[in-house]
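Q: I have a model open and would like to go through it with you. Can we start with the charged pairs and then move on to the helices?

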Amino acid sequence: MNKIIQHRPLFIFISALIILAGLASLLIFGLKPGIDFSSGSILTIKFDQTVSVDELTQELRSLGQNEAIVQITGDGDFLIRTSELDVSQKVTLETALEEAFGSLTERGFENVDPLIAKQTTQMALIAIGAALVGILLYVTWAFRRMPKPFHYGTCAVIALFHDALVVLGIFALLAGIFGWEINLMFVIGIMAVIGYSINNTVVVFDRIRENQLKGIHPSFDVVVNQSIMETIVRSINSSFTVIITVVALMLFLGASIQNLSVVLLIGLIAGTYDSLFVAPSLLVTWENGDWGKLLKPFKRA
């Protein structure tokens with residue numbers, strides 16, 4: 001642990017493998033847009049008697065809703081995602097389900113038309129892009145007194161891309177296996193992860209700045225390594241306490257915020273890793289100009 005930065009090729013290699021696996025998952029499975037990003041309807045119902053997800057899904061198929069996706073909430077309600085339904089089609093569907101499973105109660109119903117879905121997608125992408133550009137400018141400005149402030153900003157943003165790609169890759173896998181969809185909760189989760197991760201990264205970078213200004217060692221590698229050692233316990237402990245909260249959300253709030261809680265869990269783990277090992281490693285590599293060394297992850301520095 002006292003020579004963390006010497007193993008930076010290994011850390012970058014691990015990140016590269018995870019990202020490549022995520023990209024492969026995206027190419028193979030892709031992401032399934034939820035109702036927020038594609039036109040369709042969501043009908044929330046509750047049956048008076050016990051009905052399984054498989055039984056409901058099979059019945060929907062027999063009613064012509066072949067693309068219907070069924071989820072169950074922690075309260076026992078069913079979220080049914082279908083192609084866009086008008087009021088009469090919704091009533092017809094509910095009547096057919098009552099005939100198959102008995103009385104039911106409608107908890108909610110909403111439609112999203114294609115134009116609104118397209119606008120939502122565009123605004124979500126703009127929001128994430130604006131956040132990344134803003135972070136790049138802010139971190140560069142915050143470290144303006146350092147010899148190469150742009151390096152700090154760029155490495156921080158690259159680390160954030162690392163987090164986003166990890167989350168996207170895992171969600172593509174979940175979409176392919178379990179049919180999970182992305183929605184606005186997913187975007188909110190990504191934004192929250194970006195905010196938390198950059199906070200951890202800035203803490204490490206700020207300690208690097210302090211130690212370099214103190215002149216604790218002429219070698220930048222040693223300064224960065226010492227800074228990581230001084231902040232690693234704080235970063236891990238802070239992330240762990242947040243992860244406990246996120247796990248509680250997953251256990252007790254169920255499907256209603258499923259995307260948000262899962263994105264936060266994945267992003268917190270990935271963000272803690274890249275804040276301590278990826279961003280500082282990139283910073284040192286850029287400072288030393290030894291990018292070729294990253295091709296030798298198992299060679300001792």
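A: Fine. A term first: a salt bridge here is a side-chain nitrogen of Lys or Arg within 4 Å of a carboxyl oxygen of Asp or Glu. Bear in mind that this is a predicted model.

Q: How many salt bridges does the structure hold?
A: There are 9 salt bridges in the structure.

Q: Take Asp290. Which residue does Asp290 form a salt bridge with?
A: Its partner is Arg8, and the closest N and O atoms of the pair are 2.5 Å apart.

Q: Asp290 and Arg8: buried or exposed?
A: Asp290 is partly exposed, at 22% relative accessibility. Arg8 is buried, with a relative accessible area of 2%.

Q: Which residues are linked with Arg8 in a network of salt bridges?
A: Asp221 and Asp290 are linked with Arg8 in that network.

Q: Next one. What does the side chain of Arg107 meet in a salt bridge?
A: Arg107 meets Asp77, at 3.4 Å from N to O. Arg107 sits in strand E5 (residues 104–112), and Asp77 sits in the loop between strand E3 (69–72) and strand E4 (78–82), so this pair ties together parts that are 30 residues apart in sequence.

Q: And what are the accessibilities of Arg107 and Asp77?
A: Arg107 has a relative accessible area of 49%, which makes it partly exposed. Asp77 is buried, at 11%.

Q: Where do Asp206 and Arg209 lie?
A: Both are in helix H6 (residues 184–214), 3 residues apart, which is about one turn of the helix.

Q: While we're on H6, how many residues has it, and what does it reach end to end?
A: H6 has 31 residues and reaches 45 Å from its first C-alpha to its last, close to the 45 Å expected at 1.5 Å a residue.

Q: What comes just after H6?
A: Gly215 is found there, with a positive phi of about 70°.

Q: Back to H1. What should H1 span, and what is the distance between its end C-alpha atoms?
A: The 21 residues of H1 should span 30 Å at 1.5 Å a residue, and its end C-alpha atoms are 30 Å apart, which agrees.

Q: Which residues in H1 are buried?
A: Arg8, Pro9, Phe11, Ile12, Ser15, Ile19, Gly22 and Ser25 are buried in H1.

Q: And what follows H1?
A: Gly30 follows H1, and its phi is positive, near 70°.

Q: Change of topic: helix packing. At what angle do H2 and H3 pack?
A: Helix H2 (residues 53–62) and helix H3 (residues 87–101) pack at about 125°, and their axes are 11 Å apart. Angles from 65 to 115 degrees count as roughly perpendicular and those over 145 as roughly antiparallel, and H2 and H3 are therefore oblique to each other.

Q: Left-handed or right-handed crossing?
A: H2 and H3 cross in a right-handed way.

Q: Which residues of H2 and H3 meet?
A: From H2 they are Glu55, Leu56, Glu59 and Leu60, and from H3 they are Leu93, Leu97, Ala100 and Phe101.

Q: One more residue. Where is Val242 found?
A: Val242 is in helix H7 (residues 220–253). Val242 is partly exposed, with a relative accessible area of 26%.

Q: What does Val242 touch?
A: Leaving out residues up to four places away in sequence, Val242 touches Tyr196 and Leu268.

Q: How many residues apart are Val242 and Ile128?
A: They are 114 residues apart in sequence, and their C-alpha atoms are 22 Å apart in space.

Q: Now the whole chain. How many helices and strands?
A: The protein has 8 helices and 6 strands. From the N terminus on, the elements run α-β-β-α-β-β-α-β-α-α-β-α-α-α.

Q: What does the C-alpha trace span?
A: About 80 × 35 × 30 Å along the principal axes.

Q: How much of the protein counts as buried?
A: Of its 301 residues, 45% count as buried. Among contacts with a separation of 6 or more, 78% are between residues 24 or more positions apart.

Conventions: Residues are numbered from 1 along each chain as its sequence is written. Side-chain values use heavy atoms; hydrogens and water are left out. Buried means under 20% relative accessible area, exposed over 50%, partly exposed in between (1.4 Å probe, protein chains only). Helices (H or I, at least four residues) and strands (E, at least two) are DSSP runs, numbered from the N terminus. The expected span of a helix is 1.5 Å times one less than its number of residues. Axes are lines fitted to C-alpha atoms, for helices over the stretch in contact, and angles run from 0 to 180 degrees between N-to-C directions. Angles under 35 degrees count as roughly parallel, over 145 as roughly antiparallel, 65 to 115 as roughly perpendicular and the rest as oblique. A crossing is left-handed if the near helix is turned anticlockwise from the far one by less than a right angle, and right-handed if clockwise. Contact means heavy atoms within 4.5 Å.
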